[in-house]
Amino acid sequence: MRSGTTLREKMAAAAMVPIFGQNVSDKYDLVPDWTSREVSTGTTIMAVEYDGGVVIGADSRTTTGAYIANRVTDKLTPIHDRIFCCRSGSAADTQAIADVVTYQLGFHSIELDEPPLVETAANLFKASCYRYREELTAGILVAGWDRRKGGQVYCVPIGGMLVRQPVSVGGSGSSYIYGFMDSNYKPGLSKDQCLELTAAGTHCCCKACWELPSTVIHTLYHLSHSLYLSVSQLCLWRWRGDGSSGGVVRLASISEEGVERRVLLGNQLPKFSTH
Amino acid sequence: MGLSSHFFSYENHNVRLYKGSTNAAPLPAASITSFTSRKHKPSFNKMATLTVSRPLFGGFSFENCKRNALLEGEANKVGCSLPAARKTGTTICGVVFKDGIVLGADTRATEGMIVADKNCSKIHYISPNIYCCGAGTAADTEMTTQIISSNLELHALSTGRLPRVATANRMLKQMLFRYQGYIGAALVLGGVDCNGPHLYSIYPHGSTDKLPYVTMGSGSLAAMAVFEDRYKPDMEEEDAKRLVRDAIAAGIFNDLGSGSNIDLCVITKGKVDYIRPHDEANKKGVRTGDYKYKRGTTGVLTKAVTPLALEVVEETVQTMDTS
């Protein structure tokens with residue numbers, strides 16, 4: 001029913017790798033297919049760097065096949081006080097990697113007796129993702145703030161590459177906004193421009209693919225000095241048909257000293273469309 | 001054929017119940033009792049020792065996979081097939097209410113298209129304050145919850161504290177991830193600890209979600225529909241029980257893989273109410289009539305008895321090996 005394949009499936013097709021959990025129960029009609037499918041976060045995640053901090057956002061849908069397993073997922077996972085990661089791909093793989101890196105970074109930080117660098121966290125992610133690249137399906141954005149380099153965004157896609165970028169998008173929904181981001185992002189954006197960019201970007205994403213598996217909640221973490229970012233709603237295509245049309249957005253606004261989370265419900269989102 | 005048929009059926013049970021775990025080779029009589037489950041007793045006490053028992057290492061041992069494949073080949077040659085792993089096509093769910101957690105489950109276990117157990121128990125004990133419902137392969141959910149329950153008890157003894165639900169969640173997810181989804185256990189874990197009531201859903205590949213209401217199993221869509229309609233935060237216990245009962249009933253009546261009764265488990269601080277069954281949703285019917293006719297219903301007109309002359313042509317004796 002989803003015309004767009006998940007990033008995972010595309011990658012699997014490219015790599016000729018079998019998708020996990022496929023069809024042990026196909027012969028038994030009583031137990032439907034999605035009970036044995038792996039849980040995936042078909043996703044849109046993005047992270048934007050700017051002077052003084054970073055802004056990160058994600059949707060909140062986790063799917064097993066065509067069923068939405070969790071419509072209020074929090075894909076923005078804290079790794080350390082000022083370092084977060086945005087998770088896309090297999091839910092199990094990314095949760096496990098994030099747990100491992102949280103432990104390793106916490107230990108490292110205690111040894112150093114000072115807050116860890118974002119680059120360190122990104123390298124820890126890369127180490128795990130690269131070493132076990134055949135077994136994992138995880139696309140991760142590491143974003144945070146440290147004293148040495150300020151706000152930073154590192155991209156660790158499937159395969160385990162590591163590259164620092166000022167702005168990065170990820171997940172299966174990201175393909176719809178590459179063009180938009182390329183044409184609209186400029187370095188040195190101000191608070192309001194960042195706001196417009198992200199709002200319009202995700203709205204564009206939503207319009208481009210109404211069946212995009214991204215939903216209800218956008219979680220935003222704002223690691224800087226009073227920057228408000230609103231992420232626009234994404235179209236909802238609900239399997240359960242319980243009438244929750246329209247998206248929900250989580251907004252977060254952080255002062256220089258910390259991290260602030262916010263959630264925007266569907267009816268509070270700005271509307272950028274004429275129809 | 002006697003010994004080998006015993007041999008075959010015993011190992012069959014091992015293949016089904018233990019899915020290749022530990023060593024299923026025949027053991028001398030003394031150690032058989034330590035090895036069998038409470039559901040299956042060996043039908044013989046004396047047996048020639050063909051292999052020596054080895055100490056068990058942690059985790060699964062895949063030594064018997066080759067032998068199982070061979071046995072399956074032989075079975076197929078004869079024309080029968082090995083029993084399929086019993087799946088619990090299931091409806092399980094849990095909800096957080098004001099004072100704690102209500103867990104619910106149906107009681108049907110299926111083997112392919114046949115109901116293998118009309119009243120199985122899907123709510124497993126993890127610790128005095130934590131219970132876990134299991135969907136998926138029956139053996140996997142049973143053994144996984146038992147392993148974690150045992151480890152959690154040891155952990156509680158070393159920490160000196162009542163175990164936390166987050167700890168059980170961590171242990172379960174790390175084990176399931178280690179086996180990369182091959183352990184087909186989809187769990188709903190709920191309990192009350194020092195930080196309040198907690199509810200987790202755990203998928204076979206090792207991902208978890210912490211939510212106020214969760215459903216799993218083949219009937220989870222029907223149950224989730226009920227939850228999405230009627231869930232409210234901070235419900236009373238009676239409302240929560242009614243909600244869970246209705247959700248499981250929706251699963252039972254709308255999903256073929258779920259059926260029979262509804263079990264509930266209410267966990268609050270300091271108290272656990274394991275209600276089995278809470279609701280017998282599917283009672284086996286009582287026959288209202290009988291098609292047997294009484295002797296004399298049909299009148300007999302004449303009767304003739306003709307003895308047939310039979311003679312023994314051939315006689316063979318087949319010995320049964322009862323050793």
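Which residue does the UniProt annotation "active site" cover? In this predicted model, the annotation, from an unreviewed entry, falls on Thr90(B).

**The annotated residue**

Thr90(B) sits in the loop between strand S1 (87-88) and strand S2 (92-96) of chain B. Its relative accessible area is 0%, so Thr90(B) counts as buried. Leaving aside residues up to four places away in sequence, Thr90(B) touches several others, among them Asp106(B), Gly134(B), Ser218(B), Asp255(B) and Ser258(B). Lys122(B) is also one of its contacts. The side chains of Thr90(B) and Lys122(B) are joined by a polar contact of 3.0 Å.

**The sheet in chain B**

Strand S2 belongs to an open sheet of five strands, ordered S11-S2-S3-S12-S13, with antiparallel pairing. Strand S11 (213-216) and strand S13 (271-279) stand at the edges with a single partner strand each, so one side of each has no neighbour in the sheet. On average, neighbouring strands are turned by 10° against each other, direction ignored. S12(B), residues 262-268, is joined to S13(B) by six bridges. Across this pair, Leu264(B) stands opposite Ile275(B).

| Helix | Residues | Strands touched | Angle |
|---|---|---|---|
| H6(B) | 220-230 | S2(B), S11(B) | about 160° with S11(B) |

**Chain A in outline**

Chain A holds five helices and 14 strands. It has 275 residues, and 55% of them count as buried. Its accessible surface is about 12000 Å², with 55% belonging to carbon and sulfur atoms. Of the chain A contacts between residues at least 6 apart in sequence, 63% join residues at least 24 apart.

Methods. Residues numbered from 1 in each chain as written. Chains lettered and ligands numbered in written order. Predicted model: local features only at pLDDT ≥ 70, side-chain atom pairs only at ≥ 80, totals over all residues. Heavy atoms only, no water. Helix = DSSP H or I, 4+ residues; strand = E, 2+ residues; numbered from the N terminus. Buried < 20%, exposed > 50% of the residue type's maximum accessible area, 1.4 Å probe, protein only. Contact = heavy atoms within 4.5 Å. Areas by Shrake-Rupley, 256 points an atom, 1.4 Å probe, with all protein chains shown as cover. UniProt positions renumbered as here; feature names shortened; annotations may be inferred. Polar contact = N/O pair within 3.5 Å; in protein donor to acceptor, adjacent residues only side chain to side chain. Pairing = 2+ DSSP bridges. Axes fitted to C-alpha atoms, helices over the stretch in contact; angles between N-to-C directions.
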